[in-house]
Amino acid sequence: MDEVKFCSYCGKLTSSTYSYCPWCGKSLENKSNISDVLNHSLDKIEKIQLEDRLLELEKLESCLDHLEEEIDAFLAKSST
Ligand SMILES: [Zn+2]
């Protein structure tokens, strides 16, 4: 099995036999700093989690809108 390493530019896993990253095309000659790669990957994960959060919030918001409508309808019903 080939040795693998992370591209320090895009953070993707590549074979150490490549001298260029097959994903982003950057040179893999420079030894990549593992903490840099980790930070890069963590940034991506954080971004994805943030997008998930935003989606959840949007869902929640439409739920609340719906709830508000129901409450309004209920109040309108009970006040008459
Ligand atoms: Zn790359």
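**The helix and the rest of the chain**

Mentor: Start with α1. Of its 46 residues, the number buried is zero, so α1 lies largely in the open. Bear in mind that this is a predicted model.

Trainee: How many residues of the chain count as buried, as a percentage?

Mentor: 6% of the 80 residues.

Trainee: What are the elements, and in which order do they run?

Mentor: There are one helix and two strands. From the N terminus on, the order is β-β-α. Strand β1 covers residues 4-6 and helix α1 covers residues 34-79. Strand β2 is 13-15.

Trainee: What about the overall dimensions of the C-alpha trace?

Mentor: About 80 × 20 × 20 Å along the principal axes. The radius of gyration is 24 Å, whereas a compact globule of 80 residues would have one near 12 Å.

Trainee: Switching topic. Where is G11 found?

Mentor: In the loop between β1 and β2.

Trainee: Buried or exposed?

Mentor: G11 is buried, because 20 other C-beta atoms lie within 10 Å. The cut-off for buried is 20 or more.

Trainee: Which residues does G11 touch?

Mentor: Leaving out residues up to four places away in sequence, G11 touches F6, V37, H40, S41 and K44. Take N39 as well: the C-alpha atoms of G11 and N39 are separated by 9.3 Å. Those two residues are 28 apart along the chain.

Trainee: And contacts over the chain, what share join residues at least 24 apart?

Mentor: 23%, counting contacts between residues at least 6 apart in sequence.

Trainee: Now H66. Where does H66 lie?

Mentor: In helix α1. H66 is exposed, since it has 10 other C-beta atoms within 10 Å. The C-alpha atoms of H66 and Y18 are separated by 54 Å. Along the chain they are 48 residues apart.

Trainee: Last thing, confidence. What is the average pLDDT?

Mentor: The chain averages 86, and 91% of the residues score at least 70.

Definitions and conventions. Residues numbered from 1 in each chain as written. Predicted model: local features only at pLDDT ≥ 70, side-chain atom pairs only at ≥ 80, totals over all residues. pLDDT = per-residue confidence, 0-100. Helix = DSSP H or I, 4+ residues; strand = E, 2+ residues; numbered from the N terminus. Rg over C-alpha atoms; globule rule 2.2 N^0.38 Å. Buried ≥ 20, exposed ≤ 12 C-beta atoms within 10 Å, placed from the backbone. Contact = placed C-beta atoms within 7 Å.
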